[in-house]
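Have a look at the model first, then read on.

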Amino acid sequence: MTSFAHDFPFDPAYGRTLDELLRVEAPAAPGDFEAFWRARHREARAVVTAPELGPVEEERDGVRLHAVTFTSVGGVRLGGWVALPVDGPAEHGFVVGHGYGGRERPGPDVPLPLPRSAAILPCVRGMGGRGLVPGIPAEAAGHVLHGIDARDTYVIGDCVADLWCAASALQEVLPQLAGPARLGYLGESFGGGLGALALPWDDRFRAAQLTVPTFGNHPLRLTLPCAGSGESVRAHHRLHPAVTEVLRYFDAATAATRLELPTLVAAALFDPAVPPPGQFAVYNALPGPRELLVLRAGHFAYRGIVEETAGLVARRARFFGAHL
């Protein structure tokens, strides 16, 4: 168990040791869990994404960053960036999910884990700076509640579909990356949780890395105060307890029990935004080849964070070098 001086009115380590975190289990799935997600995946794969690349906006770390737009489910047009290698054709491809709040620019998403790589960095619906959609709140506290009263309207399901459509758009831009087991996935926080929900159903991915993933073990999360989007869900649940039935379909740990491709999880011992028990529930549920990197903290500035981040970057490169 790790502790830091902080001003939160709760313990962001939640009183758990590493051994205890490694015993957190995934909730049981609803009987039609797989059928629900496979149907959503078929719908997304049928979308004609019609990607359009814009001019180069930036060149760094061996890639040129282009603006991109593409179509997702419901005819929603989303934006983001595509990174193309400066030298030679792309040999690897990545879909890179973002944290809650979206991404205003590629930032630390680049450099990519492997040389000669391409990537699509989408902004999922409702999230800035290129995913804003009328009617969907852009702030995490509102976004995480949008459509939550029914599984077919919950925005999280559409955000997962946005990742699938982003993969389709990347493969259309770069046909040499089309086909099964050609892509890697990177996701942090919100993007980590979305990745756990998206990956079990999509054979285009070969390996994944999830950093401090959210949405793990909703029944437990509903009992844990936090400073992230989960607090909005907790408040909504107090007034609408029936929402627990919807959340069962959007549990990243439950989905992780179906995730068989090699997966590296970076999970934190101390995290005020995404409770660590939920993060570890995602890792613990993985049935396939898996690696764990334990972080001292997530969503929190601390002495040593630069060195720990560098260690994660190096571990990520070794992981994808071995599996992709």
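This is a predicted model: local features need pLDDT of at least 70, side-chain atom pairs count only at pLDDT 80 or more; totals for chains, interfaces and linings use all residues.

Buried means under 20% relative accessible area, exposed means over 50%, and partly exposed is in between (1.4 Å probe, protein chains only).

Residues are numbered from 1 along each chain as its sequence is written, and side-chain values use heavy atoms, with hydrogens and water left out.

How many disulfides are there? The count is 0, where a disulfide is a pair of cysteine sulfur atoms within 2.5 Å. For Cys-159, the closest cysteine sulfur is in Cys-123, 11 Å away and too far for a bond. For Cys-226, the closest is in Cys-159, at 18 Å, again too far.

Salt bridges are another story: the count comes to 19. Each is a side-chain nitrogen of Lys or Arg within 4 Å of a carboxyl oxygen of Asp or Glu. Here are some of them.

| Pair | Closest N to O |
|---|---|
| Glu-34 and Arg-38 | 4.0 Å |
| Glu-58 and Arg-105 | 3.4 Å |

Arg-204 and Asp-202 are both buried. Glu-34 is partly exposed at 33% relative accessibility, and Arg-38 is partly exposed at 37%. Glu-58 counts as partly exposed at 25%, as does Arg-105 at 47%. Salt bridges with shared partners link Glu-58, Arg-60, Asp-61 and Arg-105 into one network.
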